[in-house]
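Subject: Structure handover

Hello,

Here is the structure, with its sequence. My notes on what was found in it follow below.

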Amino acid sequence: MIIEPRMRGFICTTSHPAGCEQNVKNQIEYIKSKGSIDGAKKVLVIGASTGFGLASRITSAFGSDAATIGVFFEKAPAEGKTASPGWYNSAAFEAEAHKAGLYAKSINGDAFSNEIKQQTIDLIKADLGQVDLIIYSLASPVRLHPVTGVLHRSVLKPIGDTFTNKTVDFHSGKVSEISIAPCNDDDIQNTVAVMGGEDWAMWIDALKEANLLAPGATTVAYSYIGPALTEAVYRKGTIGRAKDHLEATAFEITNSLADLNGKAFVSVNKALVTQASSAIPVIPLYISLLYKIMKQEGIHEGCIEQIQRLYEERLYTNGEVPVDESGRIRIDDLEMRADVQEKVALLWDQAVTENVAEIGDLEGYRKDFYNLFGFDVAGVDYKAEANEMMGIESIA
Ligand code: NAI
């Protein structure tokens, strides 16, 4: 079928298999161009199909020749109906990994559930024996709690006061003011239940219990801090509470892995256009301005550049993993550079509908957004018939 982007609100409801495939190939080429990394060889990535998790899977496989198991929750295709992009990304990833002689299998289902944890445990037991790196990169709006049966929904709200600031509709380029009413206590608890560290700890406990963690195993989850501009709705809002919880959980997991000499880290990553971040108010304007400055300075990075640097310059240096005063790995160092933030803040004050396309990188934002769904990717013929039924080799 011929596939075109179809937008509904903040999401695109179609995706392009050939575009997703090209995106994955581009990321693989980037990793190969950077040379090999002396990293983990048996890797489990939870949230492996898009964004930072996909970049982690690609970096492990093509940077360190690692066997990878990827867990994700994606929509499979049907005749005449495209899959979600993470499905096509994973199909392309596995095809490329297998061509390169690398072990790669995937599990599609709810990572919060006991069933998917058990399936993953069975697969590791059968095929890998143990894993030495576990990347935890889930971004989800909901979690069905496996013990209580409660369905938790995360919200993106400020705590305490109404937050009013600018935002941009990146499709129309219209800059407007939005106000977000503060959350209630349940909102905080629910957001922490979905995006905090409880499920990460459950995964690590279950893997340890089944004796599937190799000595010295490392686990990494991803967090975000960001600037004062977005603080009220991000780091000091409901999602920030969840990230605080995630970061605190790293210490608990490290304690629980003491007998294996294992370690848990949180890596604070850069703001990037992903399906998760485009849904957060205010963030698209911040990212548009940030991209403009970082591109001007020649320090812009996407998910793959971030994760390549995380592995090469933080995780696998042969020395201690460098962390900040709160024990976190910082790979958001370039975003948070004082000169970058000062310039973004100046642009923020000036930004209006009439100038935002010029002072901000709205074009880059839009391109990255369409790229997430496999559209607007260089070298792809969008007029050609595409195979929407493209399958993932390890998923029958
Ligand atoms: P994403 O939306 O691109 O990827 C989310 C992944 O989680 C996908 O593989 C998806 O299939 C999987 N997933 C979601 N719900 C699932 C479920 N119930 N079961 C199994 N898999 C499920 O998100 P992104 O942006 O890569 O985020 C990953 C992590 O990185 C999050 O913790 C996020 O907060 C963090 N982060 C994101 C930043 C950004 O600007 N995008 C910046 C810094 C950190």
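There are 26 salt bridges in the structure, a salt bridge being a side-chain nitrogen of Lys or Arg within 4 Å of a carboxyl oxygen of Asp or Glu. Please keep in mind that this is a predicted model, in which local features need pLDDT of at least 70 and side-chain atom pairs count only at pLDDT 80 or more, while totals for chains, interfaces and linings use all residues. Residues are numbered from 1 along each chain as its sequence is written, and side-chain values use heavy atoms, with hydrogens and water left out.

One of the salt bridges joins R328 and E247, with 3.0 Å from N to O. R328 sits in the loop between α10 (303–315) and β13 (329–330) and E247 in helix α8 (residues 238–256), so this pair ties together parts that are 81 residues apart in sequence. Helices (H or I, at least four residues) and strands (E, at least two) are DSSP runs, numbered from the N terminus. Both R328 and E247 are buried; buried means under 20% relative accessible area, exposed over 50%, and partly exposed in between (1.4 Å probe, protein chains only).

A further salt bridge is formed by E297 and K343, whose closest N and O atoms are 2.8 Å apart. This pair also links distant parts of the chain, with E297 in the loop between α9 and α10 and K343 in helix α11 (residues 338–350), 46 residues apart. E297 is partly exposed at 32% relative accessible area, and K343 is partly exposed at 33%.

E301 and R309 meet in a salt bridge at 2.6 Å, N to O. Here E301 is buried at 8%, and R309 is buried at 10%. Salt bridges with shared partners also join R235, D244, E247, D324, R328, R330 and D332 into one network.

Next, the aromatic residues. The structure has ten aromatic pairs. Rings of Phe, Tyr and Trp (its six-membered ring) pair if their centres lie within 6.5 Å; planes under 30 degrees apart count as stacked, over 60 as edge-to-face and the rest as tilted. F170 and Y365 have ring centres 4.6 Å apart and planes at 45°, so they are a tilted pair. F170 is in the loop between β9 (163–169) and β10 (174–180) and Y365 is in helix α13 (residues 362–372), so the pair connects parts 195 residues apart in sequence. F170 is buried at 2%, as is Y365 at 0%. F369 and F373 also make a tilted pair, 5.1 Å centre to centre with 55° between the planes. One aromatic cluster is made up of F170, Y365, F369, Y370 and F373.

On the nonpolar side, the largest core has 90 residues, of which I58, F62 and Y286 touch the most other members. Such a core is a set of buried Ala, Val, Leu, Ile, Met, Phe, Trp, Tyr and Cys residues joined through side-chain atoms within 4.5 Å. Helix α9 (residues 283–296) gives the largest share of this core, nine residues.

Finally, how many disulfides are there? The count is zero, where a disulfide is a pair of cysteine sulfur atoms within 2.5 Å. For C20, the nearest cysteine sulfur is that of C12, 9.7 Å away. C20 is buried at 0% relative accessibility. The sulfur of C303 is 14 Å from the closest cysteine sulfur, in C20, which is too far for a bond.

Regards
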